[in-house]
Amino acid sequence: MRQQVQPHVLIVEDEPSQRAVLSYNLESEGFRISEAEDGDAALLMVSEEVPDLIVLDWMLPGVSGIEICRRIKTRPETREVPIIMLSARSEEVDRVRGLETGADDYVVKPYSVTELMARVKAQLRRSRPAGVGETLRYEDITLDAETHRVHRGGQLLKLGPTEFRLLATFLEKPGRVWSREQMLDRVWGRDVYVDTRTVDVHIGRLRKVLCTHGGADPLRTVRGAGYALG
Ligand code: CA
């Protein structure tokens with residue numbers, strides 16, 4: 001994962017006033033900013049220089065934010081870039097749909113700038129999990145914290161950044177039961193509000209990826225308590 005002194009954030013938003021507010025606030029926090037007003041411009045910019053994080057509006061003219069998100073998350077070179085989706089939609093189903101296309105976080109408009117900044121920082125902070133340089137193992141699963149590669153039975157698995165960090169948390173203490181709240185603290189950060197349903201969505205994704213090439217589901221749902229590895 002690339003770590004820069006001044007993280008590069010790409011803002012994809014078609015409303016000039018909203019783009020300006022985001023740009024102003026992110027610049028004030030010391031980030032380097034690029035701006036795109038539609039999906040095509042965003043994809044072009046991402047292909048020229050991979051940013052450290054993308055703030056992506058859902059409703060865009062032409063290619064939708066969801067489609068942009070999907071494309072960025074399917075390319076190996078951009079798959080690990082955290083994406084925060086912005087949307088005027090507040091229905092739970094939309095939130096879940098947003099997360100299922102690969103977005104790492106989802107913020108409903110009108111949002112508080114303070115909250116959005118906290119989420120941006122949390123995403124950037126957790127781009128690097130605990131235990132850098134270590135290889136964590138459990139049965140046939142290995143996680144290399146330095147190269148961010150995860151293998152199961154010798155096969156390389158494609159994990160998003162949130163799933164990677166969830167797995168790293170489980171691998172640190174196999175057998176331990178983690179509550180959703182504990183996982184939120186560890187994976188999303190204490191200062192960010194994320195509901196527990198989000199944990200379930202990401203656990204579901206992690207399970208799916210871990211079983212890509214077969215093998216039993218190594219994660220255990222502990223009723224009323226949370227999740228455990230093994
Ligand atoms: Ca818009």
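Helices (H or I, at least four residues) and strands (E, at least two) are taken here as DSSP runs and are numbered from the N terminus. The structure is a predicted model, in which local features need pLDDT of at least 70 and side-chain atom pairs count only at pLDDT 80 or more, whereas totals for chains, interfaces and linings use all residues. Residues are numbered from 1 along each chain as its sequence is written, and side-chain values use heavy atoms, with hydrogens and water left out.

The protein contains 8 helices and 12 strands. Of its 230 residues, 52% are buried, where buried means under 20% relative accessible area, exposed means over 50%, and partly exposed lies in between (1.4 Å probe, protein chains only). With contact defined as heavy atoms within 4.5 Å, residues 24 or more positions apart account for 60% of the contacts that have a separation of 6 or more.

D14 lies in the loop between β1 (8-12) and α1 (16-28), and M59 in the loop between β3 and α3 (65-74), so the pair ties together parts that are 45 residues apart in sequence.

D57 itself is found in strand β3 (residues 53-57) and is buried, with a relative accessible area of 3%. When its neighbours within four places in sequence are left aside, D57 is in contact with V12, E13, D14, G65, L86 and K109. The UniProt annotation "modified residue: 4-aspartylphosphate", from an unreviewed entry, covers D57; UniProt positions are given in the numbering used here, feature names are shortened, and annotations may be inferred rather than shown by experiment.

K109, one of the residues in contact with D57, is joined to P110 by a cis peptide bond with an omega of about -5°. P110 is placed in the loop between β5 (105-108) and α5 (113-125). A further backbone feature is found at E139, where phi is near 50°, a positive value in a residue other than glycine. E139 lies in the loop between β6 (135-138) and β7 (141-144), and this residue is exposed, with a relative accessible area of 66%. As background to both features, most residues other than glycine have a negative phi, and most peptide bonds are trans.

Two packed helices are described by the angle between their axes and the distance between the axes. The axes of helix α6 (residues 161-172) and helix α7 (residues 180-188) come within 10 Å and cross at roughly 115°, the axes being lines fitted to C-alpha atoms, for helices over the stretch in contact, with angles that run from 0 to 180 degrees between N-to-C directions. The contact is made by T162, R165, L166, T169, F170 and E172 of α6 together with M183, R186, V187 and W188 of α7. By class, the contact of α6 with α7 has 5 nonpolar, 2 polar and 3 charged residues, where Ala, Val, Leu, Ile, Met, Phe, Trp, Tyr, Cys and Pro count as nonpolar, Asp, Glu, Lys and Arg as charged, and the others, Gly among them, as polar.

Within helix α6, T169 counts as buried at 4% relative accessibility and, its neighbours within four places in sequence being left aside, is in contact with W178, R186 and V187. A168 is also found in helix α6 and counts as buried at 2% relative accessibility. The C-alpha atoms of A168 and D144, which are 24 residues apart along the chain, are separated by 9.2 Å.

R71, found in helix α3, counts as partly exposed at 33% relative accessibility, and R71 and G102 are 31 residues apart in sequence and 9.6 Å apart in space, C-alpha to C-alpha. T198 is found in helix α8 (residues 196-210) and counts as buried at 2% relative accessibility, while its C-alpha atom is separated by 9.9 Å from that of E100, 98 residues apart along the chain.
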